Amino acid sequence: MIDGTNCHLIYDGQTFASKHRKNIRDHRRTKELKTYIKQKTGMSEAAFADIDWQSHERSVNTFKDGPHIFLVKFLHGWLPVGKLVSRYNPIKYPSACPSCDEPVEDSKHFLTCLNPERRKWHATLTTSLRHRCESVDTDPALLDLLLWGLNHWLQSAPIPAHRVPERISHLLHSQTTIGWDNFLLGRWSKHWTTLQLQYLQRNHIEVKNKNHGLSWSSNIIRLMWDHSYKEWTTRNKARHGKDAEDKAQRRLEKSHRNIRDLYELKPKCSLQAQRHYFYPTVEDHFRTDPDANSLERLETYEPMIKQNIRHRRTNSDRRLHKSTKSFN
């Protein structure tokens, strides 16, 4: 080190002169995160190594079109879709899609829902991608493969491999191995940017910041994420309501489901708890407290109701144990 320089961090042969906290965190977590992604996706080591992680990182760091928490959950399959949240309470959180008859809404279904209103985003995404790619001199063969691949994953349409030029056939194989669902998540094969640069050079097109390398790939990736976030907001409106009146009605329906579920616990409570928390019937409860605010007050008592049931069950077991012991 040169005399007078600041402290340097050396890790795996790399020297970091600044942002020590960030670099320590990144290097500490990278190995575990990569292991998690491979296990979750079932991706092979070779496929994982073939991903252009620089483009992915650039896209994550420059994503501004939606909340960062959405992006993190979207990339790792943890968006609160029906399949996930119903595990906590299937009464409060139905597993079904809010827009169609699909009984289980998973991370893929929220993007592939066949409801006409929900399917509009496919066409919008395709149009936006075509315009963006054409505006930055994208290789037409790469653009075709990009659209075929997304259509293959979103609508189960086969990729016309016979129409893929031989010069990019290795890209088709590489990205298919990685997965076209991963393509939407920004996990691109390294061959995309390489082939794009070769196209520019072969056709004597001026190489600019926007038409090659990390800037070219990250711009397209962010565009896909932007449309995915818009589809997520559309899905949430279908689940929770589009306007104030619709939201109030959905909230009331949810409270009715929750209250009916709590009334199933009423016979298991002590008589004192039954008189304190419940009306004679659930219909009496709805007539007396017709709005969501009053109904939700009972929902806040759910932990106490369940504690009362556990306490009553414990006391019953103790009395039974004493009776059995006295009899013996």
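This is a predicted model: local features need pLDDT of at least 70, side-chain atom pairs count only at pLDDT 80 or more; totals for chains, interfaces and linings use all residues.
Residues are numbered from 1 along each chain as its sequence is written, and side-chain values use heavy atoms, with hydrogens and water left out.

**Stop 1: aromatic rings**

Select Phe 110 and Trp 232. Their rings form an edge-to-face pair, 5.1 Å from centre to centre with 80° between the planes. For reference, rings of Phe, Tyr and Trp (its six-membered ring) pair if their centres lie within 6.5 Å; planes under 30 degrees apart are stacked, over 60 edge-to-face, and the rest tilted. The model has 13 aromatic pairs by this rule.

Now colour by helix. Phe 110 belongs to α6 (residues 109–112) and Trp 232 to α12 (residues 213–240), so the pair links parts of the chain 122 residues apart. Helices here (H or I, at least four residues) and strands (E, at least two) are DSSP runs, numbered from the N terminus. Phe 110 is buried at 1% relative accessible area, and Trp 232 is buried at 8%. Buried means under 20% relative accessible area, exposed over 50%, and partly exposed in between, with a 1.4 Å probe and protein chains only.

Next, select Phe 183 and Trp 188. Why does this pair count as stacked? Its ring centres are 4.7 Å apart and its planes lie at 10°, so it falls in the stacked class. Both residues are buried.

One more ring: show Lys 38 and Phe 48. The charged end of Lys 38 sits over the ring of Phe 48, 5.3 Å from the ring centre. The rule asks for NZ of Lys or CZ of Arg within 6 Å of the ring centre and within 35 degrees of the ring normal.

**Stop 2: helix α3**

Select His 56, in helix α3 (residues 53–62). Is His 56 buried or exposed? It is buried, at 11% relative accessibility. Setting aside residues up to four places away in sequence, His 56 touches Leu 75, Leu 185, Gly 186, Arg 187 and Trp 225; contact means heavy atoms within 4.5 Å.

Then move to Gln 54, also found in α3. Gln 54 is exposed, with 55% relative accessible area.

**Stop 3**

Select Trp 148 in helix α8, buried at 19% relative accessibility. Its C-alpha is 5.6 Å from that of Ile 159, eleven residues apart along the chain. Beyond neighbours within four places in sequence, Trp 148 contacts Ile 159, Pro 160, Arg 163 and Val 164.

Go on to Ser 156, in the loop between α8 (140–155) and α9 (169–178). Its phi is near 60°, a positive value in a residue other than glycine. Most residues other than glycine have a negative phi. Ser 156 is exposed, at 62% relative accessibility.

**Stop 4: helix α9 and its partners**

In α9, select the buried residues Leu 171, Leu 172, Ser 174, Gln 175 and Ile 178. They pack against α2 (45–49), α8, α10 (180–184) and α11. Just after α9, Gly 179 has a positive phi of about 115°.

Which residue sits in the loop between α11 (191–202) and α12? His 204 is found there, with a positive phi of about 55° although it is not a glycine. His 204 is exposed, at 73% relative accessible area.

**Stop 5: a helix crossing**

Finally, select α13 (residues 244–263) and α16 (residues 292–300). Their axes come within 9 Å and cross at roughly 35°. Axes are lines fitted to C-alpha atoms, for helices over the stretch in contact, and angles run from 0 to 180 degrees between N-to-C directions. The crossing is left-handed, which means that the near helix is turned anticlockwise from the far one by less than a right angle.

Show the side chains where they meet: among them are Arg 251, Leu 252 and His 256 in α13, and Leu 295, Glu 296 and Leu 298 in α16. The residues of this contact divide into seven nonpolar, four polar and three charged. Here Ala, Val, Leu, Ile, Met, Phe, Trp, Tyr, Cys and Pro count as nonpolar, Asp, Glu, Lys and Arg as charged, and the others, Gly among them, as polar.
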